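Dear colleague,

I am handing over a structure for you to look through, with the sequence alongside. Please keep both open while you read the notes that follow.

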Amino acid sequence: MTTRNDQKEQRREEILYAGLDLFIRKGFTGTKIKDIADRVGMSVGLMFHYYESKEALYEELIRYGVSGPMQTMAPTELEPLAFFEATAKQLIDYIRTQPFVAKMFVLMGQAVISEDVPAGVKEILSGLDVYTPTARLIEKGQQNGTIRSGDSMALSLAFWCAIQGIAEQYAMFCDAPCPESEWIVDIIRNK
C-alpha cells in the first residue's frame, strides 16, 4: 500500500519526466506550464503544489543533470583505462535502458548553449566541468601507457562528445542501434 508521500513523490516524478520531454522538444521558452500540466493530466493550479514555477522545474532537472556527471568524475582508485571502460559501459547501459538518462543528455546539451534559459540555470551550469577531471585521468593513463598520446583535453572532449552524441540519437530514435561501450573507449585507448 502506497502512502500519500509516495503518491506525491510519484506525481513529482511524472511532472519531471513530462517537463523533460517537453523541454527537449520545445525548448525552455516554447514549453508552457499548461503543456506540462496537460501532459500529466492535472490542472495548472495543482501543478503549482509540486513546483512553484516552470523555472523551478527546469532548475531541478538541470541540478540533476549536473550532479550525475560530477558524481561520475569523483576521485577514483581505478586505473584510468579501467575507469573509462566502466564509465562508458555504465552510461551506455543507462542510455539503452533508461530513456530519462538519454533525454537528460539532450536537455543538458541544449541548456549549455541556449540563450533563453533563466540566469539561475546558467549559474547551476557553471558547476559542470567533466572535461578537466577527465583530462587529468587521461594524463595518468598516458603516463602508464594505457591511454593514447595526444592533447588530454581534446581526448576528454572526444570521449564525452561521443557519449553525448549517442545519447542524443538514442533519446530521439530509441530503435536506433546503440554502439558498444568499447568503441567509445577505443577513442582514447593506446593500441
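**The largest pocket and its helices**

Four helices, α4 (54-72), α5 (80-97), α6 (99-113) and α9 (152-172), each supply at least two residues of the lining of the largest pocket. Helices here are DSSP runs (H or I, at least four residues), just as strands are DSSP runs (E, at least two), and they are numbered from the N terminus. Before going further, please note that this is a predicted model, in which local features need pLDDT of at least 70 and side-chain atom pairs count only at pLDDT 80 or more, while totals for chains, interfaces and linings use all residues. Residues are numbered from 1 along each chain as its sequence is written, and side-chain values use heavy atoms, with hydrogens and water left out.

The volume of the largest pocket is about 770 Å³, a volume being the space filled by probe spheres set on grid points that are joined across faces, edges and corners. The lining has 28 residues, and the closest to the pocket centre are Gly-65, Gly-68, Pro-69, Phe-105 and Met-108. A pocket is found on a 1 Å grid over the protein atoms alone, as an open set of points where a 1.4 Å probe fits, with protein on both sides within 12 Å along at least five of seven lines, and lining residues have an atom within 4 Å of a point. Which helix gives the most to this lining? It is α6, with eight residues.

Phe-105 is found in helix α6 and is buried, with a relative accessible area of 16%; buried means under 20% relative accessible area, exposed over 50%, and partly exposed in between (1.4 Å probe, protein chains only). Not counting residues up to four places away in sequence, Phe-105 touches Leu-91, Ile-95, Ile-163, Gln-164, Ala-167 and Glu-168, where contact means heavy atoms within 4.5 Å. Phe-105 and Ala-167 are 62 residues apart along the chain, yet their C-alpha atoms are separated by 6.2 Å.

Ser-156 has its place in helix α9. Why does Ser-156 count as buried? The reason is that its relative accessibility is 0%. Leaving aside neighbours within four places in sequence, Ser-156 is in contact with Val-130, Tyr-131, Thr-134, Ala-135 and Ile-138.

Pro-118 lies in the loop between α6 and α7 (119-125), and this residue is also buried, with a relative accessible area of 16%. Its contacts, not counting residues up to four places away in sequence, are Phe-28, Glu-55 and Tyr-58.

**The whole chain**

The protein chain has 10 helices and zero strands, and its C-alpha atoms fill a box of roughly 60 × 40 × 30 Å along the principal axes. Of the 191 residues in the chain, 42% are buried.

The chain has 20 positive and 26 negative side chains, and the centres of the two sets lie 4 Å apart. Lys and Arg count as positive and Asp and Glu as negative, while His and the chain ends are not counted; the place of a charge is taken as NZ of Lys, CZ of Arg, CG of Asp or CD of Glu.

With best wishes
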